[in-house]
Amino acid sequence: MRALQLVARVDLKQVNFTVVKELGENNDYTGYFYDTSDGGNGAAEAVFKHLPKLASAARAIALDCNCDTGCAKCIIQHGCPDGNTALLKQLGLVLLDAIA
Ligand SMILES: [Zn+2]
């Protein structure tokens with residue numbers, strides 16, 4: 001979310017992100033960016049449009065942070081419903097690299 005401000009003209013109040021555990025026996029999760037206003041405002045579309053650039057900027061933020069596993073300066077999302085318990089900086093870096 002922090003990287004979004006660097007790559008697109010999006011007010012962070014206009015978009016949010018959540019992770020949903022998929023049904024089934026596998027531990028599959030899907031992340032969704034979504035507009036926060038009823039009827040949409042185009043913010044999630046801007047995320048999709050700039051996804052590789054966004055991933056690259058997010059990766060740079062995390063790499064530049066001197067924490068070990070993730071902190072509020074790099075990957076922790078305020079308001080995360082599960083308290084960011086599923087986040088791990090090293091795995092995030094692998095995923096961001098693959099997307100970028
Ligand atoms: Zn950090």
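Biologist: Which residues in helix 4 do Leu 51, Pro 52, Ala 55, Ala 58, Arg 59, Ala 62 and Leu 63 in helix 3 meet?

Modeller: Bear in mind this is a predicted model. The contact of helix 3 with helix 4 divides into nine nonpolar, one polar and three charged residues. On the helix 4 side, the partners are Lys 89, Gly 92, Leu 93, Leu 96, Asp 97 and Ile 99.

Biologist: OK, and is helix 3 roughly parallel or antiparallel to helix 4?

Modeller: The axes of helix 3 (residues 51–64) and helix 4 (residues 89–99) come within 8 Å and cross at roughly 150°. Angles over 145 degrees count as roughly antiparallel, so helix 3 is, relative to helix 4, roughly antiparallel.

Biologist: What is the handedness of that crossing?

Modeller: That's a separate matter from the angle. For helix 3 and helix 4, the crossing is left-handed.

Biologist: Which residues does Leu 54 contact, leaving aside neighbours within four places in sequence?

Modeller: With the sequence neighbours set aside, the contacts of Leu 54 are Ala 3, Leu 4, Val 7 and Val 47.

Biologist: Is Lys 73 buried, exposed or partly exposed?

Modeller: Lys 73 sits in the loop between helix 3 and helix 4. Buried takes 20 or more other C-beta atoms within 10 Å, and exposed takes 12 or fewer. Lys 73 has 13, so it counts as partly exposed.

Terms used: Residues are numbered from 1 along each chain as its sequence is written. This is a predicted model: local features need pLDDT of at least 70, side-chain atom pairs count only at pLDDT 80 or more; totals for chains, interfaces and linings use all residues. Axes are lines fitted to C-alpha atoms, for helices over the stretch in contact, and angles run from 0 to 180 degrees between N-to-C directions. Helices (H or I, at least four residues) and strands (E, at least two) are DSSP runs, numbered from the N terminus. Angles under 35 degrees count as roughly parallel, over 145 as roughly antiparallel, 65 to 115 as roughly perpendicular and the rest as oblique. A crossing is left-handed if the near helix is turned anticlockwise from the far one by less than a right angle, and right-handed if clockwise. Two residues are in contact if their C-beta atoms, placed from the backbone, lie within 7 Å. Ala, Val, Leu, Ile, Met, Phe, Trp, Tyr, Cys and Pro count as nonpolar, Asp, Glu, Lys and Arg as charged, and the others, Gly among them, as polar.
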